[in-house]
Amino acid sequence: MNENKSSFADKKMIIRAIKDSFIKLSPKTQMENPVMFLVYISSILTTILYVVSLVGIRDAKPGFILGITIILWLTVLFANFAEAIAQGRGKAQADALRASKKDVEAHKIPSVDKKDEIIKVSSALLKKGDIVIVKAGEQIPADGEVIDGAASVDESAITGESAPVIRESGGDRSAVTGGTTVTSDWLVIEITSEAGESFLDKMIAMVEGASRKKTPNE
């Protein structure tokens, strides 16, 4: 089922990228990349030369000029297609991360010693320093440090790793990320990030704001 869904998404992305390849033929868009802009201008000039050669004004055979013209236009379209695919994948990654960062009900407690005094609040209202308890099957509401308990945590939504990892208080395995899910036992977590400053927020901003680095030739 997941494979079929992924295949459908890939096909949809490719179709969209093909459309964008032609939309990106706008001179304004092409000027953003000096190297491809030169190829773009060359494509236009060779197209004009081909049309002129058809009416008898020629320095070379029309077939030869047409071949060069086709190669140049295909180069421009392929570059546009590759860029559109990269942008599509970036958007898909951002959407997947955003889906993991959904607002959930958090079980806030006054302290480690008062695990039964649960106050249900929205994860969006949690602040740095708040303490929450998360049990098996529940999603960790925000980034934090485990201060009590030990449990298996499914981090596949963040890392892509299918096998759950152990998170426990103390040591170097105490950090947890909002959006991951506790799969066994329970954890008492002290929130370490303010709203909008979590690992997922930073990842989404990085993916959405990422731009292709230009080469020295560009």
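Predicted model: local features only at pLDDT ≥ 70, side-chain atom pairs only at ≥ 80, totals over all residues.
The mean pLDDT of the protein chain is 82, and 86% of the residues come in at 70 or more. There is one stretch to watch, though: residues 211-218, where the pLDDT is below 50. In the model, that stretch has eight contacts beyond its near neighbours in sequence.

Next, the surface. Which residues form the nonpolar patch there? They are I41, I44, L45, I48, V52, L54, V55 and I57, and together they have about 700 Å² of accessible area. I44 counts as partly exposed, at a relative accessible area of 30%.

Now on to the charges. Side chains of opposite charge can pair when their charged atoms come close. How many salt bridges does the model have? The count is five, and I'll show you some of them.

Let's take D148 and K115. Their side chains form a salt bridge, at 3.0 Å from N to O. D148 is in strand 4, residues 144-154, while K115 is in the loop between strand 1 (105-109) and strand 2 (119-122). Those parts are 33 residues apart in sequence, so the pair ties them together. As for cover, D148 is partly exposed at 22% relative accessibility, and K115 is partly exposed too, at 26%.

Then there's R167 with E155, another salt bridge, with the closest N and O atoms 3.1 Å apart. R167 belongs to strand 5, residues 165-168, and E155 to the loop between strand 4 and helix 5 (156-159). That's twelve residues apart, and the pair links distant parts of the chain. Are these two buried or exposed? Both R167 and E155 are buried.

One more pair: E168 and R173. Here the side chains meet in a salt bridge at 2.7 Å, N to O. E168 is partly exposed, with a relative accessible area of 26%, and R173 is partly exposed as well, at 38%.

So, to take away: a nonpolar patch on the surface that includes I44, five salt bridges, with R167 and E155 as a buried pair, and a stretch at 211-218 with pLDDT below 50. Thanks, everyone!

Notes:
Residues numbered from 1 in each chain as written. Heavy atoms only, no water. pLDDT = per-residue confidence, 0-100. Contact = heavy atoms within 4.5 Å. Patch = residues over 30% accessible without salt bridge, like charges linked within 9 Å, V, L, I, M, F, W, Y side chains within 5 Å. Areas by Shrake-Rupley, 256 points an atom, 1.4 Å probe, with all protein chains shown as cover. Salt bridge = Lys/Arg side-chain N within 4 Å of Asp/Glu carboxyl O. Buried < 20%, exposed > 50% of the residue type's maximum accessible area, 1.4 Å probe, protein only. Helix = DSSP H or I, 4+ residues; strand = E, 2+ residues; numbered from the N terminus.
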